[in-house]
Amino acid sequence: MSLEKIRDPERMRRWPGHMETDYVYTVGLAGERFFREIKDNGKFYGTRCEKCGITYFPARTFCERCLSELKEWVEVSPRGYVEMYTIAYMDLEGNKLEKPEIWAFIRFEGVFGGLVHKLGEVKPEEVKIGMVVEPVLKPKEQREGSITDILYFKPAK
Amino acid sequence: MIIKRKVAVVGAGLTLFRRRMQETSRELAWEATKMALETAGIELKDVECVVMGSAPDAFDGIHMKGENLADGCGGWRKPYTRVFVGGGTGVFVPIAAWWHVASGHFDICLAVAEEKMSPCHPHPQWAFHTIFDPILSRPLGVNLIWIFALEMHRYMYKYGIKKEDIALVSVKNKANALDHPCAQLAAKITVEDVLNSEVLVWPVQRLDISPITDGAAAIVLASEDVAKKLTDSPVWIEGVGWCLDSRYWTNRDLAYPKYVEYAARMAYKMAGIHNPPKEIDVAEVYDPFDYKELHHMEGLLLARKGEAPKLTKEGVTQRDGDLPINPSGGLLGVGNPIAAAGLMKVCEIFWQLRGEAGKRQVPGDPRTGLAQAWGDLMQIGTVIVMRA
Ligand SMILES: [Zn+2]
């Protein structure tokens with residue numbers, strides 16, 4: 001029996017439920033230091049696997065290729081470049097955004113990986129693939145050691 | 001059925017079992033994986049495929065948990081599969097890994113199980129609540145322990161078993177765990193302590209039940225030729241079995257887990273075991289509650305129906321008894337990170353059969369061991385039989 005014609009589910013015999021649960025996630029062994037460096041010093045760090053010749057960014061605890069523990073911390077220049085970007089016109093719930101948001105995949109020199117983050121201080125039509133960008137952090141006293149300590153990336157001077 | 005190839009366990013790894021670990025889920029899995037590879041004497045590049053297992057995503061709080069944990073489980077550019085049968089997953093992981101190798105398709109398979117339950121706030125009970133039928137059960141505010149309490153009470157009623165007889169299991173397992181370096185709830189307690197502990201859902205009291213835990217476990221499986229090159233003491237997987245009962249817990253015999261019996265019979269047949277209590281030297285039986293160890297011993301045909309409490313009382317199931325059950329300390333003592341707890345049991349049998357269990361070693365050079373887990377909607381049995 002199809003219920004397609006019923007547009008309002010409240011008209012069916014029903015029991016309303018929800019599956020929400022709350023979580024507290026630890027940032028983990030590498031995350032602890034990675035976010036502390038952003039919070040306290042405004043610096044980006046990666047970790048290097050000497051065996052595989054790769055510096056992972058953001059910093060990780062272990063190498064995915066050989067499972068070595070990564071103990072060598074390497075400072076990474078916060079200036080990156082736009083590998084690719086997109087422009088969002090709707091929010092998570094499908095509502096039209098007042099102002100379109102630019103989201104970019106940003107890579108950094110000399111490391112493997114990168115960050116997906118927002119672009120700011122730039123108009124959608126001005127964004128170019130390969131454009132050099134730099135992070136804008138929250139004022140130090142407002143940082144809490146999370147990815148949102150980075151407000152957005154803006155075109156580098 | 002013709003099994004083409006013999007499969008052995010050649011290495012095992014385990015993390016600490018704790019209420020809250022700082023490590024992310026992936027970091028926990030990595031710690032167990034790394035230890036398993038090191039004890040097997042191989043590197044990740046030698047691993048041909050990976051099987052990972054974890055219970056509901058709702059515990060760690062990451063959907064697609066298998067994929068999210070892939071790097072910690074060694075799943076980089078390899079055939080990688082997550083298997084899932086709820087609480088039975090921990091023993092199903094090595095079963096799935098076994099068929100990867102027994103089929104002839106792979107020579108070395110890594111098997112990893114992980115569970116991080118502490119992210120779920122305020123308590124994973126809330127995640128458990130959503131496994132129930134949204135129409136018939138959840139409107140009542142059902143709590144997971146209700147079901148166990150009803151089952152435990154039924155088991156007690158049917159065979160005239162007293163709570164103090166069941167409490168002996170908790171006393172034994174928590175004491176065994178004193179010798180386990182990873183244990184979360186090792187303790188010297190008495191039957192009185194159990195009987196005086198807080199009543200949660202009668203007859204289930206605080207000390208009848210295993211804790212909330214974060215942890216991971218891993219093992220390495222290899223084909224016969226490869227295993228013999230890697231080690232002088234491979235532990236062979238000789239029997240595997242699994243079986244799912246009715247989806248409706250109202251349509252099951254609460255006093256006897258028939259599905260565990262079917263799973264055990266499948267494994268025994270494959271391993272050529274005709275008299276389980278005589279032929280099994282040591283067993284790790286799933287014990288999230290103390291009565292479940294007894295329930296499962298009976299389902300595994302290690303005790304007659306209603307008689308597991310008697311064996312426990314007589315000391316038969318102690319480490320130095322005729323049929324040691326849960327020499328590790330089990331879920332009650334070592335802890336219960338759902339999928340990892342089941343694989344912890346397989347690790348224990350591996351160490352027992354290699355004579356590497358240290359202070360936990362059961363005497364008499366055990367040759368044949370069994371590990372079992374249980375779960376899904378309280379209706380699956382997963383069984384593995386191993387031989388030195
Ligand atoms: Zn590496």
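Colleague: Why is the arrangement around the zinc ion called tetrahedral?
Modeller: Because its four donor atoms subtend angles of 105 to 114°; four donors count as tetrahedral if all angles lie between 85 and 135 degrees. This is a predicted model, where local features need pLDDT of at least 70 and side-chain atom pairs 80 or more, while totals for chains, interfaces and linings use all residues. Residues are numbered from 1 along each chain, chains are lettered from A and ligands numbered from 1 as written, and side-chain values use heavy atoms, without hydrogens or water.

Colleague: Which residues coordinate the zinc ion?
Modeller: Cys49(A), Cys52(A), Cys63(A) and Cys66(A), each through SG, at 2.3 to 2.4 Å. Donors are N, O and S atoms within 2.8 Å of the metal (3.2 Å for Na, K and Ca).

Colleague: What spacing do the donors follow along the chain?
Modeller: The zinc donors are spaced C-x2-C-x10-C-x2-C.

Colleague: Is Cys49(A) buried or exposed?
Modeller: Cys49(A) is buried, at 2% relative accessibility. Cys52(A), at 30%, is partly exposed. Buried is under 20%, exposed over 50%, partly exposed in between (1.4 Å probe, protein chains only).

Colleague: New topic. In what order do the strands of the sheet come?
Modeller: The order in chain A is 4-2-3-7, in an open sheet with mixed pairing. Strand 4 (72-76) and strand 7 (112-113) of chain A are the edges, each pairing on one side only. Strands are DSSP runs (E, at least two residues), numbered from the N terminus, and two pair if at least two bridges are found between them.

Colleague: How many bridges join strand 2 to strand 4 of chain A?
Modeller: Five, and the two run antiparallel. Across that pair, Phe44(A) is opposite Val76(A) in strand 4 of chain A.

Conventions
Four donors count as tetrahedral if all angles lie between 85 and 135 degrees; four count as square planar and six as octahedral if opposite donors are over 155 degrees apart and all others between 65 and 115; anything else is irregular. Helices (H or I, at least four residues) and strands (E, at least two) are DSSP runs, numbered from the N terminus.
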